[in-house]
Amino acid sequence: MGNDGTESGSNVPYGRLAEARSTAEFIETQQNHEGGIESSREIRADLPANSYQNGMGGGEPEGTSAEHEQLFADYRDDEEPKGTTPEADTEQQMDRSKRNGSNGHTNNRGSTLSGPLLLVNILVNVLMFAVAGFITYHCFNKAMVLFSWHPTFMSIGYLILMSQAVLTMSGASFFTHRCQHRTKVFLHWLLQAIAGVLITIASVCIFLNKVRLGKSHFQTLHGIFGLVTVCFTLASIGGGVTTKYAFQLRYYMRPIYSKIVHGIAGTVSYLLAVATIGLGVYSHWFQEDNDANVRLALVVAIGTIALYVVSVPMINTVRRIKTAVRTTL
């Protein structure tokens with residue numbers, strides 16, 4: 001994910017990947033392009049051993065697993081050639097739609113979310129904007145102080161921006177499900193980058209506010225969870241960088257390992273973030289103006305958002321872990 005070579009005949013080793021019609025042709029193309037077998041070993045390592053052996057025997061490998069097909073699809077999606085004929089482009093769209101159909105939606109141009117998934121997506125989007133909006137209103141309805149920016153930027157950064165970034169890559173976003181894969185990758189890291197800036201500002205604001213009031217840091221459960229969340233968020237960002245440049249770093253780490261690290265760190269940091277926001281809802285500051293029913297409604301809404309956002313990433317991470325274990329042993 002994140003490779004830039006897309007033209008047929010590009011000097012990027014995966015540039016002609018989309019032309020391969022089988023795993024055998026895929027691996028053979030990789031070998032011929034680099035003039036050896038060294039780089040193809042990294043790709044073979046991420047594919048089931050029996051599929052590779054069958055593929056080298058000629059023709060399409062029999063008994064190709066779902067994980068195998070998805071891995072092959074990931075590489076092809078990242079290196080889809082541009083400038084093809086309309087007929088070829090239509091064929092590619094149909095092929096990718098079939099590959100992604102098992103997720104309940106499609107990730108290609110002109111695709112549509114299924115009816116139930118579309119309704120759930122709209123509901124989740126309403127909830128995330130409503131919760132972040134309510135928290136923001138509560139921060140400024142009396143006065144604008146330094147502390148007000150902390151919950152505001154945290155709720156916007158995690159509940160809106162990071163949620164949209166994750167949904168964009170999982171193909172379950174109402175706003176971006178029709179975009180091409182490369183566009184989704186760009187929007188994913190852009191939203192994450194903006195969220196990272198807001199979260200950093202929010203962290204600085206609460207730190208300076210504590211200093212201004214002469215209070216101790218990280219004395220509450222909310223504060224401790226917040227510190228751990230920021231640390232995991234930084235780890236997730238690092239995992240995102242290694243995933244984006246997985247091909248360039250393939251001699252140091254297998255691409256599938258980069259995706260696993262990023263998936264785990266990202267999921268954990270997001271779940272910690274929503275837990276921290278939930279603890280903030282039950283903080284003394286928030287309880288002053290909101291009764292128990294309001295706080296319970298907000299926690300239920302936050303939990304619903306989190307469940308929808310992390311479901312697909314968790315499934316993908318488990319699938320990649322199984323594939324990595326199978327190909328390593």
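**Close-up 1. Contact residues of H7 and H10.** Met154, Ser155, Tyr158, Leu159, Met162 and Ser163 of H7 meet Tyr270, Ala273, Val274 and Ile277 of H10 (contact: heavy atoms within 4.5 Å). By class, this contact of H7 with H10 holds eight nonpolar, two polar and no charged residues. Ala, Val, Leu, Ile, Met, Phe, Trp, Tyr, Cys and Pro count as nonpolar, Asp, Glu, Lys and Arg as charged, and the others, Gly among them, as polar. The model is predicted: local features need pLDDT of at least 70, side-chain atom pairs count only at pLDDT 80 or more, and totals for chains, interfaces and linings use all residues. Residues are numbered from 1 along each chain as its sequence is written, and side-chain values use heavy atoms, without hydrogens and water.

**Close-up 2. Crossing of H7 and H10.** The axes of helix H7 (residues 149–170) and helix H10 (residues 255–281) cross at roughly 140° and come within 10 Å. H7 is therefore oblique to H10 (angles under 35 degrees count as roughly parallel, over 145 as roughly antiparallel, 65 to 115 as roughly perpendicular, the rest as oblique). Axes are lines fitted to C-alpha atoms, for helices over the stretch in contact, with angles from 0 to 180 degrees between N-to-C directions. Helices are DSSP runs (H or I, at least four residues), numbered from the N terminus.

**Close-up 3. The second largest pocket.** About 1,100 Å³ of space lies in this second largest pocket. Of its 41 lining residues, Phe147, His150, Ile206, Lys210 and His222 are the closest to the centre. A pocket is an open set of points on a 1 Å grid over the protein atoms alone, where a 1.4 Å probe fits, with protein on both sides within 12 Å along at least five of seven lines; lining residues have an atom within 4 Å of a point. H8 gives the most to the lining of the second largest pocket, eight residues.

Notes:
Helix = DSSP H or I, 4+ residues; strand = E, 2+ residues; numbered from the N terminus. Points joined across faces, edges and corners; volume = space filled by probe spheres on them.
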